[in-house]
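Try each task before you read its solution.

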Amino acid sequence: MTVSPGPLSGPTPRPFGLVNWIGVGALFWRGLSRILKDYRDTLLGMAASSLLFLAVFHFAFGADGAQMAGLPMLRFLAPGLIAAAICQQAFDAGSVMLVFDKMEGIFADVLMAPLTTAERGGAMVLAATAGALLSGATVLAAFLPFVPLAPAAPVALLFFATAGALMHGLLGTLVGLWARRWDHYQAAATFVVMPLAYLSGAFYSIESLPPIGQWLVRFNPVFYVIDGVRYGFTGHAEGSGAVGAVFLLAVNAALWFTLHRLLGRGWRTKS
Amino acid sequence: MTPVRPPAPRVPGAVNWLGLWTLYVKEVRRFAKVGTQTVLAPLVTTLIFLGIFAFAFGSRAGAVGGVPYLQFLVPGLVMMAMVQNAFANTASSVMISKIQGSIVDLLMPPLGPGELALGIAAGGVTRGLVVGLAIMPILAIVVPTAIHDFGFILFHAVAASLMLSLLGLIGGIWADKFDHMAAITNFIITPLAFLSGTFYSVERLPKALVVVAHLDPFFYMIDGFRYGFIGHADGSLGAGLVVLTVANAGLWWFAYRLFAIGYKLKA
């Protein structure tokens, strides 16, 4: 007599809803906690170096009530420095974690997890974005004792700060995918991101650029980030906010599309 | 039957020149191999600083120290790049050797504490001077710069690079993690390099800070170096020579002691 086995209930796959929220949350928190753990460098270090710039400009030129584009100098500079800090921090956060994982050979852990490409890329980029906004808030807090910075247009401020952080988070993640060594990340940070953050109007009115520079700057998305953040704080803008908003949305969409394609294909991660 | 002689130990003289030279060459090759990061990157950074200050103030800043502002600024920027790179070279070299465990390769060979400190510090000085030599001519094309006294330029370039190399060496021995090193750079070295008169004449500072500036070796190295170009100094040149010599002697003695007792190296 044979015993027919009853219906076997093997392990069933865990069903996910439309989005694997647990996975996305875990990957997001992993990225953000890395930034928080390294707060001496990512938050305090950023605040210290931004304060240094403020001090240098104050001592060098601020004593005699200097103005920039009609604003008191420090009120002009502070939003630019905050925007530059957000951009640089987002880029670093986006690329450093990815390069580190690739160099250590542990990026497979991220690729193995049951996440779609959009979930994987989105969680990484959003972690960089959130970390950069925290960094910007830290710089703002460090500035407040010295410069009055009540936001004139909070919605614009939030939009442009987030768009700038997102753009650099995407850019950083793309550079992280591309980089095969730390040198590659270093080169992108030193030769592309830092110059763009510092030369796009953070420290001066674009009217003081030569005519060719004034024309070129209109095609530089980082200019709109800095200008928009400055508008959010002071109500003073040098470019068109609407053009800036549309341009930044388009750039972010294009970067996201590129990242989604490359991450999905496994470019330099699965090969 | 001829007697078999045991191998005799090699006897270095008072100074193990071969070992010292080998260590120095290793330190130089270490940064030369990544020249993009160690020489080209400081050049770009310095040009960006020049651009920021030129666009922000070039047109309306008056004369500083008797010369147009950008002429005043250039020697300060070059000095800043030199000292930051001298510091980064020795700090990262010692730090990475410690973390990767290859520091024993320095401690095992027949090198005394003086030879170790000298070999590593000389590597940092070389990087500082190479960076200065690479940057200065390019800045001089953008901003016309004359040489007033070459002796002062040379002394301050070497003294400043040595001072920061020794600081980097000491910092690298002390630091246990990269975080510690980043903290030293962010909170001590960069502020000192920024606030010691690189970008402005310290006479513009509030009274209390002027006194502080005159106690700061970083101020003297920038001021004396700048004097070599523009012929104007904010502080006393004689005091600067003494402060820098004493600071270097003190740091040298300290670095020597750390190697001699093996602080955090042989423990």
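**Exercise 1. Work out how many residues of α3(B) are buried, then how far the helix reaches.**

Step 1: take burial, where a residue is buried if 20 or more other C-beta atoms lie within 10 Å of its own, exposed if 12 or fewer, and partly exposed in between, with C-beta atoms placed from the backbone. On that count α3(B) is mostly covered, as 25 of its 32 residues are buried.

Step 2: locate the helix. Helices (H or I, at least four residues) and strands (E, at least two) are DSSP runs numbered from the N terminus, and α3 of chain B covers residues 69-100.

Step 3: compare spans. The expected span is 1.5 Å times one less than the number of residues; α3 of chain B reaches 46 Å from its first C-alpha to its last, close to the 46 Å expected.

Step 4: look just past the end. B:G101 follows α3(B) and has a positive phi, near 80°.

A word on the source: this is a predicted model, in which local features need pLDDT of at least 70 and side-chain atom pairs count only at pLDDT 80 or more, while totals for chains, interfaces and linings use all residues. Residues are numbered from 1 along each chain as its sequence is written, and chains are lettered from A and ligands numbered from 1 in the order in which they are written.

**Exercise 2. Describe the layout of chain A, then examine its helix α6.**

Step 1: count the elements. Chain A has ten helices and two strands, in the order α-α-β-β-α-α-α-α-α-α-α-α from the N terminus.

Step 2: check the overall extent. Along the principal axes, the C-alpha atoms of chain A fill a box of roughly 105 × 40 × 35 Å, and 44% of the 271 residues count as buried.

Step 3: turn to α6 (residues 154-178) of chain A, whose 25 residues reach 36 Å, close to the 36 Å expected. This helix is mostly covered, with 19 of its 25 residues buried.

**Exercise 3. Find which residues touch the most other members of the largest nonpolar core.**

Step 1: set the rule. A nonpolar core is a set of buried Ala, Val, Leu, Ile, Met, Phe, Trp, Tyr and Cys residues joined through C-beta atoms within 7 Å.

Step 2: The largest core holds 158 residues, and A:L81, A:V225, B:A160, B:M163 and B:M221 touch the most other members. Its largest share, 19 residues, comes from helix α3 (residues 73-104) of chain A.

Step 3: zoom in on one of them. Setting aside residues up to four places away in sequence, A:V225 touches A:A83, A:C87, A:F160, A:A163, A:G164 and A:L248; a contact requires C-beta atoms, placed from the backbone, within 7 Å.

**Exercise 4. Determine what chain A contributes where it touches chain B.**

Step 1: count both sides. In all, 25 residues of chain A are in contact with 27 residues of chain B.

Step 2: assign elements. On the chain A side, α2 (39-62) and α7 (182-199) are the elements that give two or more residues, and α2(A) gives the most, with eleven.

Step 3: sort by class. The chain A side has 17 nonpolar, five polar and three charged residues. Here Ala, Val, Leu, Ile, Met, Phe, Trp, Tyr, Cys and Pro count as nonpolar, Asp, Glu, Lys and Arg as charged, and the others, Gly among them, as polar.

Methods
Contact = placed C-beta atoms within 7 Å.
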